[in-house]
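I am opening a new notebook page. I want the overall build first, then the domains, then the chain contacts.

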Amino acid sequence: MTYTSFNFLLFVLATAVIYFILPWKKFRWVVLLIASGVFYCLASYKYAVFILFTALSTMLIGLWLESVNKNGKLKLRQHKADWDREAKKKFKNDLKVKKRWIMALCLILNFGILAFLKYYNFFAGSLNDILGSFRVDFSAPTLKLFLPLGISFYTFQSMGYIVDVYREKVEAQRNPFKFLLFVSFFPQIIQGPISNYSQLASQLFEGHSFEFTRFKHGCQLILWGFFKKLVIADRAVIAINAVTATPEGYNGYGGTTLTFTILLYSLQLYADFSGGIDISRGVAQIFGIDMIDNFKRPYFSKTINEYWRRWHISLGAWMKDYIFNPLAISGPFLNASKKMRGTRFGKTKAGAHIAKVLPTAFASLIVFLLVGVWHGASYKYVAFGLWNGVIIMLSTLMQPLFDGVVDKLHINRKNPFFCFFQMFRTFIVVLVGYVFDVAPTFEHGMMTIGRFFTDQNFERGIDEINTLGLSFKDYILLGICTVTLLVISIIQERHSDTTMREMLDKKPFILRFVLYFICVMAVIIFGIYGSGYAAADFVYMQF
Amino acid sequence: MKKKLYITRAIKIICFALAVVISTYLLQAYVLKRNDNNTLRMDGFFVEDKESLDVVYIGASDVYAGYSAGLAYDEYGLTSYPFATQASPPQVVLPQIKDVIKHQNPKMIVVEINSFMYKDNDLPAEASHRMFVDNIPRDDIWADYIKENFPEEDQIEYWLPIIKYHGSWSDYPWKLKFLLTDLALRQRGYSSFRGFKTVANEFHPGGKLYNDTLAETDDKLPLGYTSERCLRETLDYLKENNIKNVIFTRFPHIVNNKAYSRFKRCNTAQQIIEESGFDFINLERYGKQIGIDVNKDFYNWDHLNIYGAEKLTRYFCDKLTKEYGVTPNELTESQKAEWAESVKTYKMIYYYSAEMIKRRSDLGKNDNSGTTVSEDDTSVKTIEKYARKTHPELFADEATEAAKAE
């Protein structure tokens, strides 16, 4: 049962009816839990044990952490008078270390499962390659491993919770069923967003009443998500799949076709992922739950840093809270910065800047390496992460130089042409990163970049593009949809304080009626669904 | 106040839902559907006046290419119709018979047995089922057919064909030629082609042919399992329901090595049919009597061209009227006018096809391609334009009517 199936809509409708007619408001979350369980089991019942393990282990360790913390504080209070300052400091340190070990246990257990299932074969293959090059007679076996549905998303969400409990940002959940709901809430299990506990949990457990406006806005968001996924993403993916079907086939395409494919991928990925998130958010909104928005017109970003604040916002926020910040203020990073400041170079203007931003720059590099690996177990994803990380690191380190050039050239930073140039430049950088997403392997990615510059042939490109499974009319339709997306994005960008749905609410009924009607009919007529087409999974489902 | 708000909202939602449902239904019924010459032929059958046909032919493309209802009416006064679809599978025959009885109850049903010639490994694909099932009324015959022949998980696409055909938007505007003709046909209430379709070509087959020796050959090969099951079910149904006005036949083909094994299976089918007490006329054996010339009367290996169709129609109508005593129905004036229109159309098709065949022949083209003539908007305009120029006598009644009006 995928989010774009008719069965899913019926499932949501039935769940909503039961949820809102249940007379005991404080037990309405149970309906969501049962629905989430049914949804998960229908999609992947064989692997339900993994999500149950993560939920149970995280909840129990959370309780343990909290009790250690409370007992420690109690003990500290009890010995307030009889312990001297040193003893108190030692006790606090011991307590911190103990808490860290408990948290680490949870992280190792759960990230261990994720790492094993997702990366074991990658590491085994890499190890075999290395040992083979040294002619060592050893071969790590490769295993037939399957990824449980949503494992990356629910693991990250649960581990965020355990860190928050460790940091005493949230109280540990005592009800295993409520915690299971937080981990498995069905609208977000397939591809996020990765919510944090303080933002989502209270909304899940609160018994919401039916609100027509929420229901309407939820339905609008679902409809828009269907449009993006079925009309745009699943149409574009036909051509992309034709190019990437086999590594041998991929090799045969010229630079023009590969350039076109990467451009098409930028459209498909955005429409697919943001469409899926819109459906998730729309469904949650019907139940009165606001999930965070995962996108904020990312292709309008003027820097790659900004792009990552606008693209997959929940993953970026998770990485920032739980990886970047701890790394940037960690002892080794701060020490390195301090050491550099003490050198002769560190005393120059440029050196001072570099010393200052060094922890941030290195933390960014590591975070993006992790983001890359999070996308998949392959060198091409490592390259994807490194590309983004290196660009961000360099832009951070060289910021004063860029600022100087702009000042020297007397460029007005608010000039629309300059803004457009920045957006275009950032988009190109993003596209280069996408090359590694699309290409079957890292080597193919490098080859693609080479062909961008050496193998542009418009006529051959047109001939090849005509064989990718889409008709001329399909391309025209994709063009119209791109323009529609662009116009809507510009409107959203100009009115970022409100949503399109709130803006629509103020328009006359007839106009709204016509717009909704066009959108529904567009999905029915132009959507890619039914037996004539192979239904495409959401791209981020695999991550 | 709140009550008023709720009512307003409910009305708005209902209006929106209705607009979507009605639009989807209209799209599904007329635009985003299978629209081809099979659709026109099937729709043409169902708009015929009830019980107005003397003879209905059932089968596949051999039937609608090899038999002209317009000519049959012109020369024998018989009203007939080829209720046939392209590559019709064996499962289709029984529901076709049921539909014919339900909507027409003619004096004679002629079943061309091409549908039973398929082996189990070459049964027609889903598209061939669709050509029939998408174009018949949604009644119990239709529902039974869906239930019996398709997996449960796929049946939703038959109940809601827009799931299958929504992507056909990209066939427009090319497909308009079928849509416009179909709308006109439904509005007019009859098909002027009466299901006929041909390709203007004179095919010259090469290699070893068996046509001259078929009259003496009784060799047999077993039928495919599905084909035999469907044939026996059809015969059982006819016997159980005491339906006797059915004859089975096999239309002529060019018989090469490959087609010869089909001919042998046809002999097996003949035995099964005759054992059940029904007549079987194997026209492949009567090539000489019909006057079929394999080098002139086919447009490809399996289909008679306009000349072959002319010969076969006359031969079969002779047989029906003389041997089986089928006599024409009494028609109303409007029915007569409609059939006169079909005669005129047939003549236009004939003249145009003959000219096209001549032109191709002059150019030395004798492969199995050629100009398709069917009841679509483009073909109709083309043949009419040609006929107006070369055979103005066909339009004499128009001139008379115009003069009267003046």
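I take the radius of gyration over C-alpha atoms, and the globule rule is 2.2 Å times the number of residues to the power 0.38. I note that this is a predicted model.

**Overall build.** I looked up chain A against that rule. For 543 residues, a compact globule would have a radius of gyration near 24 Å; chain A has 26 Å, so the two agree. Along the principal axes, I get a box of roughly 85 × 70 × 60 Å for the C-alpha atoms of chain A. I count 22 helices and 0 strands in chain A. Buried residues are 37% of the 543. Of the chain A contacts with a separation of 6 or more, 77% join residues 24 or more positions apart.

**Domains.** I find chain A divided into domain 1 (6-210), domain 2 (211-295 + 442-543) and domain 3 (305-438). The C-alpha centres of domains 1 and 2 of chain A lie 31 Å apart. Here 19 residues of domain 1 are in contact with 20 residues of domain 2. On the domain 1 side, helix 1 (6-21) and helix 7 (197-205) each supply at least two residues. Helix 7 gives the largest share, 4 residues. I class this side as 10 nonpolar, 9 polar and no charged residues.

**Chain contacts.** Next I checked chain A against chain B. I see 17 residues of chain A in contact with 16 residues of chain B. Helix 20 (472-494) and helix 22 (509-526) of chain A are the elements that give two or more residues to the chain A side. Which helix of chain A gives the largest share of that side? Helix 22 does, with 8 residues. By class, I get 10 nonpolar, 5 polar and 2 charged residues on the chain A side.

Notes. Residues are numbered from 1 along each chain as its sequence is written. Chains are lettered from A and ligands numbered from 1 in the order in which they are written. This is a predicted model: local features need pLDDT of at least 70, side-chain atom pairs count only at pLDDT 80 or more; totals for chains, interfaces and linings use all residues. Two residues are in contact if their C-beta atoms, placed from the backbone, lie within 7 Å. Ala, Val, Leu, Ile, Met, Phe, Trp, Tyr, Cys and Pro count as nonpolar, Asp, Glu, Lys and Arg as charged, and the others, Gly among them, as polar. A residue is buried if 20 or more other C-beta atoms lie within 10 Å of its own, exposed if 12 or fewer, and partly exposed in between; C-beta atoms are placed from the backbone. Domain bounds come from an automatic or database domain assignment.
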